[in-house]
Amino acid sequence: MTSQPITEITRSRRLFLEATGGLFAAASTATVATAADAEPVRTAVIGTGARGSDLLRALTTIQGCEVVAVADDYEPHRARAAKYAGPQAQTFGDYRQLLEKIKPQAVVIAVPLYLHYQVASDAISAGCDVFLEKTMCYSVAECQKLAGQVAAAKCVFQVGLQRRANPIYQQAAAMVKAGLLGQISSIKAQWHRNNNWRRPVPVPAGDPQWQALEYRLNWRLYDRFSQGLMAELGSHQLDVANWLLGTTPRRVIASGGIDYWRDGREVADNVFCVYEYDCGAGVSPAVKEPGARGQQPEASKRTIRVTYSSLCNNAYEGASELILGTRGSLFLTSTKGLFYREKLPEEAAWLKPGDEGNAAILTAGKTLKMSSSPWAHRGEPLEIDLLESDDTRDELVSFLDHVRRRDPATICDAFIGLADAATVLMAGEALKSGSAVNYPA
Amino acid sequence: MPERSVHRTRPAMGTLFEVLLLGDDEQHLAAVADAVLDEIERIEQLLSRFDPRSEISRINRLAAREPVLIDREVAQLLAACLAAREWTGGAIDIAASSLASQASGMRQLPDDVASSKFAALPKIEFDPVRRLIRFHDSVIQLDLGAIGKGYALDRAAEILSENNIEHALLHGGTSSVLAQGRDENGQPWRIALRDPTTGEPAETIELSDAALSCSAVNEQADIIDPRTGKVVAGEVGYAVMAPTAAEAEVLSTALVVMDREAAERFVLEQVASDIRIVRLAGRIPEAVSFRLLESV
């Protein structure tokens, strides 16, 4: 089939082309949306790189939130954010000007870690409620100062540890509390990926601008801006450990290095940590342990060990946490949870009469063959599905709700954020020193 | 031509995306390749009706109950899909195809269901300026399957140009391809349409700064006509080359849905000279196949 050349593009095709031409082509035609709700929360976003863009876009879908301004000192990110935010939002290169001129009620901050304290502190001083991406600050001292400022200002403050807003983790916390896992003995958490953790730099390596852009875009790879994998990835999962265990670790040992991606980066690409948590009865509810029968010492405190690893050249089991208890194991990811019950001693299946599988073994008269499935003796897991949730959007909905109600008890307040930061930063210290590091006093 | 290349794949949208980038700095190419695949994954997370975190899932859950305020990018894409419905006379309809995908399990919807559920238009109310969408019927579910891969490739191409990559080949599941610049010999990228019965390349198409998409119905692949809810009959296929992958994908699907006469009329009346269409009658490709799949 051949077509006659048509020089004029038809109207419907033009509509289609305009609409598929990317955000950048058509956004200028949009007009201001009028929020139906009275008194929308006037919200600004500071720092509009990848994570800031995700947060910004989620904000634009929340009724009762008006994105009034965005700020980023990197022009391409600022320009992209302007499109995501819409024409009603003013753009700034300097966030201080945004705070001064716009006076937003709420500020969502997603700048590089080394700037967290300064930007958040300035926003609180300007009278704003603050949502601050994890990790709370670059150092524990900064976290403490900021927490003090939050308390003094009585502002609404939330750290972006979105698993706190995720129904799977909420369910997991409830299961642990109810004793479904029995007594927790350890947690194995990991964030394993197979890539170089780099963002592309838009100029070639020899270009005079390259180094500055490299630091700006790949700040996560350099010590003075970043606390590496522990802060960028581990913070989410050690917050889960702190949350489920109801406390913070006593001590950590850690090992790591730049083992694979030797490309000039300064932060480790391979990290292993062992944390020790001293836990009381709160964590391991009064479950009667089979076989224990009073032989067990009255342990008001016992040590729970949490291993954490993050590496950048193998992605097996990705980002996940495995909670190990005497009655079961809970495998968690942000989209699915799996609960495997332990096979308890009184349930030895082959002693039960009438079991079809065992009958087959007996009649065949052959050696019992072990299943190759590592979970076979535990049976099929119980699943926790994520039915309707986006934890990034949900954490912002919750934050804005607290802002509206003037309720400082957010799902991840300054104390939770501080505890999480202290937990990951002590591992960073242990990595560098090679010695065990205690939780900061 | 550049000396170096980086080749990466990642599963997304129920298939495998593959990128081949040419350039001089391998570390840069690797970072861009990851960024391109991240972008494709981002689009999947925005559009997938199977991922409960996606905007489309949120719309599908809520829009029958209340108007849903949606993300600007999704709003714009929905506007494009509605324009595509108008452009193709209803052969592309994102609001019908979820029912259709239920139907494809049973080959065909009963006639009464087909007429009542598929012909009742408009099924959705959409205000692109206020970014509000509402369904008139709780059975409606959006499904952007007919445009998602192409749209993702177009966004991926934007990442390439932001990062000064001039020569690249990207494809999603070998049915939609986007070619930038030239191949490593300085020639246009050459894409082979494969004969499904012999597996041999049946036709080679040269592609440079353009996209190619291929759709077909045969024993393996059902396509439902959203206007009737019925499975498209016969064996027919189209390969469409267009400036953007979204357009190529939408057109190739729409042409398969139309009967031959309507398709020919549509091409004559609605398709401009920057689009090339190949009808693949009697030799229906199951997919596009790439030289790079074999040689790398």
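A residue is called buried if 20 or more other C-beta atoms lie within 10 Å of its own, exposed if 12 or fewer, and partly exposed in between, with C-beta atoms placed from the backbone. This is a predicted model, in which local features need pLDDT of at least 70 and side-chain atom pairs count only at pLDDT 80 or more, while totals for chains, interfaces and linings use all residues. Residues are numbered from 1 along each chain as its sequence is written, and chains are lettered from A and ligands numbered from 1 in the order in which they are written.

I start with A:Asp278. This residue counts as partly exposed because it has 17 C-beta neighbours inside 10 Å. A:Asp278 sits in strand 9 of chain A, residues 270–279; helices (H or I, at least four residues) and strands (E, at least two) are DSSP runs, numbered from the N terminus. Beyond four places in sequence, A:Asp278 has contacts with A:Arg250, A:Lys301 and A:Thr303, a contact being two C-beta atoms, placed from the backbone, within 7 Å. A:Arg251 is 27 residues away from A:Asp278 in sequence, and the C-alpha to C-alpha separation is 9.4 Å.

Next, a helix pair. Helix 7 (140–153) and helix 13 (414–433) of chain A have axes that come within 10 Å and cross at roughly 175°. Axes are lines fitted to C-alpha atoms, for helices over the stretch in contact, and angles run from 0 to 180 degrees between N-to-C directions. The two helices of chain A are therefore roughly antiparallel, the term for angles over 145 degrees.

Now the cores. A nonpolar core is a set of buried Ala, Val, Leu, Ile, Met, Phe, Trp, Tyr and Cys residues joined through C-beta atoms within 7 Å. The largest has 106 residues, and A:Val45, A:Ile46, A:Ile109, A:Val130 and A:Ile323 touch the most other members. Among the contacts of A:Ile109 beyond four places in sequence are A:Ile46, A:Val130 and A:Phe131. A second, separate core holds 98 residues, including B:Ala31 and B:Leu46.

Last, chain B. Seven of its strands make an open antiparallel sheet in the order 1-2-6-7-10-13-14; strands pair if DSSP finds at least two bridges between them. Strand 1 (4–12) and strand 14 (276–279) of chain B each have a single partner strand, so one side of each lacks a neighbour in the sheet. From one strand to the next, the twist averages 10°. Strands 6 (167–172) and 7 (176–180) of chain B pair over five bridges, with B:His171 opposite B:Val177.

How values were computed. Parallel < 35°, antiparallel > 145°, perpendicular 65-115°, else oblique.
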